[in-house]
Structure formats: structure tokens, C-alpha cells
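Thanks for passing this one along.

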Amino acid sequence: MTVTLGQYLAQSGADPSLVDLLLALTGGCERISAAVRRGAAGDIMGALESENVQGEVQKKLDVISNEILLEACAPAARLVAIGSEEMEGIHPVRKLGPDGGFFLLFDPLDGSSNIEVNVSIGTIFSILPAPTSASEREPIEADFLQPGRNQVAAGYVVYGPQTTLVLTLRAGVRVFTLDPVTAQWLEVNEAAAIPPETKEFAINASNMRHWAAPVRQYVEDCLAGETGPRGKNFNMRWVASMVADVHRIMMRGGVFLYPWDAREPNRAGKLRLMYEANPMALLVEQAGGASFDGFGPTLDAKPVSLHQRVSVMLGSKAEVDRLQRLHADALQPA
Ligand code: AHG
Ligand code: MN
Ligand code: MN
């Protein structure tokens with residue numbers, strides 16, 4: 001029997017106010033999906049004059065998606081505040097108090113460079129517990145700075161040939177397709193499970209000359225194929241939308257890397273810890289995979305700021321273990 005998202009959430013045992021928030025959020029994603037599908041027929045294409053806090057030019061759809069999600073989620077009963085790639089500071093919704101509640105973080109539109117070329121894009125989200133406070137007070141950014149391990153739920157929506165929601169409530173990973181006929185999220189796929197072994201890796205190889213030695217070694221070993229140290233041939237894929245690259249890994253395994261590189265040595269990586277790496281790391285772990293930030297499991301990193309960047313390596317367990325070993329070996333004195 002096909003299960004709808006609403007039925008799954010109702011039977012999941014999750015806190016009803018978390019269910020309320022997830023339904024509001026996925027309702028927002030339905031609206032983004034509709035905007036994406038209108039494409040050039042709606043007024044969603046192109047760049048704006050503005051830049052976000054990371055100094056990146058904002059696309060119209062980045063801003064539209066952010067506004068849709070803010071509006072959709074604000075009524076959720078125990079949502080305390082929102083952090084977003086497209087907003088410098090946190091967006092308070094209500095005061096913190098003795099009841100705690102939830103913080104929501106999102107990358108409203110991931111893969112912005114693919115909007116105009118009609119390639120898969122997505123939304124990534126992370127939900128953290130809001131601390132309780134004996135007396136009522138405004139939430140502050142420091143309240144958000146919790147390791148990814150604390151996430152109570154995480155997920156993404158891919159706006160591709162199909163609109164697909166991939167969600168974890170920390171009890172495995174469930175996959176729902178937005179059926180355009182019934183306008184329902186239907187669980188028609190198997191639950192996601194990442195095989196430990198793979199022959200597929202995803203990295204922007206144009207940055208190869210800037211990589212650190214362990215990453216370069218890892219990729220060189222893959223490229224060497226059957227006659228190299230791995231003894232098998234690998235395939236390479238790179239969509240340039242993290243959501244789409246991770247979705248492929250969720251469905252058939254693989255490893256995704258956006259590592260630190262020497263282009264900007266003082267920047268930990270390109271991707272953002274709190275609303276890109278952490279939600280994906282939880283999903284990947286819950287599907288049997290692993291993640292690594294160059295030092296340890298991504299989910300154990302203690303954030304120091306809302307928009308901090310991180311080196312990302314995640315996917316099939318055996319590959320992430322290999323990357324960890326290569327990094328550890330590089331630290332050994334020769
Ligand atoms: P965003 O569109 O939210 O800024 O994220 C883009 C990210 C990520 O989705 C993707 O994996 C990566 O940027 C692509 O980077 P390159 O352009 O270096 O390939
Ligand atoms: Mn992104
Ligand atoms: Mn984005």
C-alpha cells in the first residue's frame with residue numbers, strides 16, 4: 001500500500017510539533033517545485049543585483065525560494081527561529097521559553113548555477129532542538145551553534161525530472177515522490193540504503209591542482225582503474241548541485257567530495273556546515289554511509305558560526321574510511 005508523507009509522519013511517533021513543522025516546510029517545497037516547473041514562463045530566471053552574506057550573486061530563484069520557505073514555515077507551532085544561506089543573521093519567529101522548540105536551517109535553493117540550464121536543483125534542510133530557557137528571551141545565533149549530531153530531522157528535496165523528498169527522523173531514510181496527479185508526497189521508492197562499496201565518485205576535477213595530497217592520492221588511485229591500487233575501474237559524475245549528486249549516492253551508492261583546496265587556503269571548504277554538510281551527513285549516516293570533514297565525522301564538528309564552511313567527503317562507507325586513512329597517513333612523520 002502506498003504511504004503518503006502525512007501518514008508516515010503521523011505514524012512515526014515524532015513530536016506533533018515537529019510533524020507540523022515538516023508539513024509546513026514540505027508545503028513550501030511544493031510551491032518552489034511549482035515555480036521551478038514554470039521556469040522561463042514564470043518570472044524566476046536570472047540573477048539579481050544583490051549578493052548574499054557569502055558574497056555570491058543571488059539568483060531570483062534563491063530569493064524567491066527563501067521567501068516561500070519563510071512564509072510557509074513561520075506558522076509552525078514551535079518553530080523558534082530560522083537560519084538560511086540567503087540571510088546574514090537568524091530570522092526569529094518567536095521567543096525562546098521553557099518549552100524549547102525547534103530551529104530550522106536551510107539552503108533554500110541548492111545548485112543555483114543549474115537553474116538556467118534546466119538541470120536538477122534542490123532545497124536542503126536541517127532541524128535542531130531549541131534549548132529551553134527559564135524566562136522568555138529572543139533566540140540568538142549562538143543558540144544555533146550545535147553539532148550536526150543534535151539534528152532531530154534533516155532532508156532535501158530534488159527538483160529534477162521528478163520532485164523527490166528524502167527525509168530522516170533519525171530512524172532510517174525515507175523517500176517520497178511528489179505526485180503531480182494527486183499533489184501528494186507518496187512513498188513509492190524503497191527506503192534509501194547506501195551500499196558500502198562503490199565504483200563511482202563525484203568531485204569537481206577542474207580543481208585537482210589545488211587539492212591536498214590525500215584527496216589527490218584518493219582520486220589518482222580511482223583513476224588508475226583495474227591495474228592501479230584499487231584493482232577496479234571507477235566512473236566519475238558531477239552535476240554541480242550537491243542535492244543531485246547526493247541523491248544519486250542515496251539511490252545507488254558512491255562518494256561525494258568537495259574538499260578543502262588551496263585556492264583560498266584560509267577557507268575550510270566551499271560548502272556550508274550547518275545547512276549543506278550536516279543535513280547531508282545525517283542522511284548519509286542514516287542510510288548506512290559515512291561522512292568526514294578532514295578531521296573527523298562531520299556530525300561531530302562544533303560550529304562556530306552560522307555560515308561557516310567545511311570540507312565535505314561523504315557516501316559509501318568503504319570509500320570514506322579510505323579517505324580517512326589517507327588523511328591519517330598524511331599526518332604521520334615520513
Ligand atoms: P549553492 O547553489 O547553494 O550556492 O550551492 C552550490 C554548491 C553545491 O550545490 C555544488 O556541489 C557546488 O556548489 C558546485 O560547485 P562548483 O561550481 O565548484 O562545481
Ligand atoms: Mn547549496
Ligand atoms: Mn543555495
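This is a predicted model: local features need pLDDT of at least 70, side-chain atom pairs count only at pLDDT 80 or more; totals for chains, interfaces and linings use all residues.

1. W238, F256 and Y258 are joined into a cluster by ring pairs. The number of aromatic pairs comes to five. Y8 belongs to helix 1 (residues 5-11) and F176 to strand 10 (residues 173-179), and the two are 168 residues apart. Y8 has 10% relative accessibility and counts as buried, and F176, at 0%, counts as buried too.

2. Next, the manganese ion (ligand 3). Which protein donors does it have? They are E85 (OE), D107 (OD) and L109 (O), at 2.2 to 2.3 Å from the ion. Along the chain these donors follow the spacing E-x21-D-x1-L. E85 sits in the loop between strand 4 (79-84) and strand 5 (91-92), while L109 is in strand 6 (residues 101-110), so this pair ties together parts that are 24 residues apart in sequence. E85 is buried, with 5% relative accessibility, and L109 is buried as well, with a relative accessible area of 1%. E85 has a further partner: R272 forms a salt bridge with it, and the closest N and O atoms are 3.3 Å apart.

3. The other manganese ion to look at is ligand 2. D107 (OD), D110 (OD) and E276 (OE) coordinate it at 1.9 to 2.1 Å. The donor spacing in sequence is D-x2-D-x165-E. D107 lies in strand 6 and E276 in helix 7 (residues 273-286), so the pair ties together parts that are 169 residues apart in sequence. Both D107 and E276 are buried. How far apart are the manganese ion (ligand 2) and the manganese ion (ligand 3), which D107 bridges? They lie 3.7 Å apart.

4. Helix 7 deserves a point of its own. The helix is mostly covered, with 12 of its 14 residues buried. After helix 7 comes G288, which has a positive phi, near 95 degrees.

5. On to the domains. The domain assignment divides the protein chain into domain 1 (5-189) and domain 2 (200-331). Their C-alpha centres lie 24 Å apart. In contact terms, 48 residues of domain 1 meet 33 residues of domain 2. How much area do domain 1 and domain 2 bury between them? The value is about 3000 Å², with 61% of it on carbon and sulfur atoms. On the domain 1 side, L145, R149 and Y156 lose the most area to domain 2, together 22% of what that side buries. The salt bridges between domain 1 and domain 2 number three.

6. R149 also has a charged partner to check. The residue forms a salt bridge with D300, where the closest N and O atoms are 2.9 Å apart. R149 is in the loop between helix 4 (141-144) and strand 8 (153-159), and D300 is in the loop between strand 16 (290-292) and strand 17 (309-310), 151 residues apart. Are the two buried or partly exposed? R149 counts as partly exposed at 32% relative accessibility, and D300 counts as partly exposed at 45%.

7. Finally, the remaining charge pairs, out of the 18 salt bridges that the structure holds. E200 and R248 meet through their side chains at 3.8 Å, N to O. This pair links strand 12 (residues 200-202), where E200 lies, to helix 6 (residues 242-252), where R248 lies, 48 residues apart. E200 is buried, with a relative accessible area of 11%, and R248 counts as buried at 14% relative accessibility. R263 and D261 form another salt bridge, at 2.8 Å, N to O. Here R263 is partly exposed at 39% relative accessibility, whereas D261 is buried, with a relative accessible area of 7%. Elsewhere, salt bridges with shared partners join E200, D245, R248 and R252 into one network.

Terms used
Residues are numbered from 1 along each chain as its sequence is written. Chains are lettered from A and ligands numbered from 1 in the order in which they are written. Side-chain values use heavy atoms; hydrogens and water are left out. Rings of Phe, Tyr and Trp (its six-membered ring) pair if their centres lie within 6.5 Å; planes under 30 degrees apart count as stacked, over 60 as edge-to-face and the rest as tilted. Helices (H or I, at least four residues) and strands (E, at least two) are DSSP runs, numbered from the N terminus. Buried means under 20% relative accessible area, exposed over 50%, partly exposed in between (1.4 Å probe, protein chains only). Donors are N, O and S atoms within 2.8 Å of the metal (3.2 Å for Na, K and Ca); water is not among the atoms, so sites may look incomplete. Domain bounds come from an automatic or database domain assignment. Contact means heavy atoms within 4.5 Å. Buried area is the accessible area (1.4 Å probe) that two parts lose on being put together, summed over both. A salt bridge is a side-chain nitrogen of Lys or Arg within 4 Å of a carboxyl oxygen of Asp or Glu.
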